[in-house]
Amino acid sequence: MTEQQAIYQEVSTLLTKLFDIDPQDIKPEARLYEELELDSIDAVDMVVHLQKKTGKKIKPEIFKQVRTVQDVVEAVEQLLKEE
């Protein structure tokens with residue numbers, strides 16, 4: 001399993017547990033706000049959980065650009081590479 005696959009799995013699990021999203025609805029191209037019906041508060045919750053998992057602070061300007069599940073995965077992957 002690649003690092004990106006591991007991050008994707010973690011993000012998928014997080015979306016399912018935190019927001020009761022059906023795992024079948026979670027795809028890399030799924031749009032967070034339109035398709036998965038997350039709102040800005042949900043996005044903040046997700047960032048907080050991802051920060052706890054990674055032990056790193058996620059910059060708000062990075063997360064503002066996130067639109068899809070794959071965008072989240074790439075943002076976390078980039079964050080982990082900044083060590």
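1. Buried here means under 20% relative accessible area, whereas exposed means over 50%. By this criterion D42, A43, M46, V47 and L50 of helix α2 are buried. The model under discussion is predicted, and the points below should be read accordingly.

2. The length of α2 agrees with expectation: its 15 residues should span 21 Å at 1.5 Å a residue, and its end C-alpha atoms are 21 Å apart.

3. In α1 the buried residues are I7, V11, S12, L14, L15 and F19. Seen down the helix axis, they fall within an arc of 160°, so they line one face of α1. These buried residues pack against α2 and α4.

4. How do helices α2 and α4 meet? The axes of α2 (residues 40-54) and α4 (residues 69-81) come within 12 Å and cross at roughly 35°, and the crossing is right-handed. On the α2 side the contact is made by M46, L50 and T54; on the α4 side it is made by V72, V76, L79 and L80. Sorted by type, the residues of this contact comprise six nonpolar, one polar and no charged. M46 and L50, which take part in the contact with α4, are also among the buried residues of α2.

5. Q70 lies in helix α4. Is this residue buried or exposed? Its relative accessibility is 19%, and Q70 therefore counts as buried, the limit being under 20%. Leaving out residues up to four places away in sequence, Q70 touches Q4 and P28.

6. The loop between α1 and α2 contains D20, a residue placed just after α1. D20 has a positive phi of about 55° although it is not a glycine. With a relative accessible area of 70%, D20 is exposed.

7. E37 is found in the loop between α1 and α2. Its phi is positive, about 60°, although E37 is not a glycine. At 64% relative accessibility this residue counts as exposed.

8. E35 is also located in the loop between α1 and α2. E35 and D25 stand ten residues apart in sequence, and their C-alpha atoms are 8.2 Å apart in space. When neighbours within four places in sequence are set aside, E35 is in contact with E29 and A30.

Conventions
Residues numbered from 1 in each chain as written. Predicted model: local features only at pLDDT ≥ 70, side-chain atom pairs only at ≥ 80, totals over all residues. Heavy atoms only, no water. Axes fitted to C-alpha atoms, helices over the stretch in contact; angles between N-to-C directions. Helix = DSSP H or I, 4+ residues; strand = E, 2+ residues; numbered from the N terminus. Left-handed = near helix turned anticlockwise from the far one by under 90°. Contact = heavy atoms within 4.5 Å. Nonpolar A, V, L, I, M, F, W, Y, C, P; charged D, E, K, R; others polar. Buried < 20%, exposed > 50% of the residue type's maximum accessible area, 1.4 Å probe, protein only. Arc of directions from axis to C-beta. Expected span 1.5 Å × (residues − 1).
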